[in-house]
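Subject: Structure handover

Hello,

Here is the structure I said I would pass on. My notes on what turned up in it follow below.

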Amino acid sequence: MNRRTWTVVSASMLALALGVLGATLPVPMVALGPGPTYDTLGVVDGTTVVEVEGLPVHPTTGHLNMTTVSVTDRLTMFSALALWASPQNQVVPREPIYPSNMSLEDIQQQNSAQFTSSESNAEAAALAELQLPATVVVTSLVPETPAAAILQPGDELLAVGGQPMSSVREVTDALAPTRPGDLVAVQYRREGEVRDVEVPLAARPDRDQGLLGVILGARLRDGDIRISLGGIGGPSAGLMFALAVVDKLTPDDLSGGRFVAGTGAIEPTGTVTPINGIPFKMRKAFDEGATVFLVPEANCAEAVATNPGGLQLVRVGSLHDAVTALRSLNTGGPVPAC
C-alpha cells in the first residue's frame, strides 16, 4: 500500500471513528424547548382537569391554558449540535436540570411533589380569593423545626394564637407580630380529636417574624375540589389551576371566550412567583392560538424580549391581580402590561 492510499484509508477510518463517537457518545447537555399546553377548564385524557363538587358550578368559555417546557436528555454530540442550531430549542448544561448528586428517581419524585404542591396551593389560593369557608390543613413539615416533632401532615389547624383560622393568609397574619423562639398556642384536630399545644417558632432568613415550621394548604369545608393532571412536574401550573377554580365558581366568564394562557407558581396566600422557561411556554401558547399570556411580574423583562409575536402580555403579582386583569380585559378596561 503506497503512502497516498494509506493516507486516504487512515483519514477514512478517522472520519468513521469520529462519526461513530459523534452519533453515540453522550454529552453533558440537555435541550429545552416548547412543551405541551393544557386547558385547565377542559378535559385531558378523559378526565376533567378541575372538578368541583358540593357547590354550584358555572359554565365557562374560552381557554385558561397552563404551559410547560420540554427537556430532551441523553444528547449526543450530533444531536446537541442539531438542537443548538434550531431556533425552537436551547441547549444548556445538564447539571442544573439533573443534578449529579440526585438519582433520576429522586428528581422525578421532587418534580412530582412540586406539582402536587402547586395543586394544593392553587386550591388554597382560590378559596382565599373567593372567601369561601375552608379548613386549613398541614400538607408537609419543615425539617428540623420544633413543629415537625409536634404536628403531622393532615392535621387540621383550628386556631393560632387563640384566633380561629379559615385561610392560610390568616395564619400568616396571626404570626406577623411574632419572633423566632416565641411560643404560640396552636389548636388542631387529628383523627377527630382536638388538641391544644404550644409550638416554639423557628427562624427564617428572609423575614423577621417567627416560622411555624409547616407547609399549609386549605380544603373546601363543604364540598370538594379535585385537580387531576398526570405526568407533569414542577410548580409552575399553580396560577392557571387557581384561575380555573375561580372561573368555575363565579358567574362571570374570566376568559371572555378568549384563548388565555399563562404560567406562574402560586403560594397558598395567592402570591404568584417567577418561573423558568417562559420563552418556550409563550412560543407553544402562541402556536396553539393563545392571544393573551399571563406573566409573573418578575418574568416580564424576559417575556417582552422573547414575545413570539401577537401575544398580549399581562403582568400579575397575585391571583387577585390575574382575576382583576381578566375582568378588566372583558369590559375593555386597562390591564397591567409587561
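A residue is called buried when its relative accessible area is under 20%, exposed when that area is over 50%, and partly exposed in between. Please keep in mind that this is a predicted model.

Disulfide

A disulfide is a covalent bond between the sulfur atoms of two cysteines. The count here is one disulfide. Cys300 and Cys338 are the two partners, with an S to S distance of 2.0 Å. The link between Cys300 and Cys338 is left-handed, at -60° about the S-S bond. Cys300 sits in helix α7 (residues 300–305) and Cys338 in the segment after α8 (319–330), so the bond ties together parts that are 38 residues apart in sequence.

Are the two cysteines buried or partly exposed? Cys300 has a relative accessible area of 9%, so Cys300 is buried. Cys338 has 31%, so Cys338 counts as partly exposed.

Surface patch

A nonpolar patch on the surface is formed by Met77, Phe78, Leu81 and Trp84, and together they have about 470 Å² of accessible area. Trp84 belongs to helix α2 (residues 77–85). The relative accessibility of Trp84 is 63%, so Trp84 is exposed.

Cavity

Rolling a probe the size of a water molecule over the atoms shows where empty space is left. The largest cavity holds about 50 Å³ of space. Among the residues that line the largest cavity are Ala124, Leu127, Ala128, Ser166, Val168, Arg169 and Pro268. Helices α3 (104–130) and α4 (168–175) each supply at least two residues of this lining. Which element gives the most to the lining of the largest cavity? That is α3, with three residues.

The largest pocket has about 1200 Å³ of space. Its lining is made up of 36 residues, and Val69, Val71, Asn111, Gly233 and Gly234 lie nearest the centre of the pocket. Two or more residues of the lining come from each of β1 (29–39), β5 (63–72), α3 and α6 (278–288). The largest share of the lining of the largest pocket is from α3, with seven residues.

Regards

Notes:
Residues are numbered from 1 along each chain as its sequence is written. This is a predicted model: local features need pLDDT of at least 70, side-chain atom pairs count only at pLDDT 80 or more; totals for chains, interfaces and linings use all residues. Side-chain values use heavy atoms; hydrogens and water are left out. A disulfide is a pair of cysteine sulfur atoms within 2.5 Å. Helices (H or I, at least four residues) and strands (E, at least two) are DSSP runs, numbered from the N terminus. Buried means under 20% relative accessible area, exposed over 50%, partly exposed in between (1.4 Å probe, protein chains only). Patches are made of residues with over 30% relative accessible area and no salt bridge: like charges are joined within 9 Å, nonpolar side chains (Val, Leu, Ile, Met, Phe, Trp, Tyr) within 5 Å. Accessible areas come from the Shrake-Rupley method with a 1.4 Å probe; for residues, only the protein chains shown count as cover. A salt bridge is a side-chain nitrogen of Lys or Arg within 4 Å of a carboxyl oxygen of Asp or Glu. On a 1 Å grid over the protein atoms alone, a cavity is a set of points where a 1.4 Å probe fits but cannot get out, and a pocket is an open set with protein on both sides within 12 Å along at least five of seven lines; lining residues have an atom within 4 Å of a point. Grid points are joined across faces, edges and corners, and a volume is the space filled by probe spheres set on the points.
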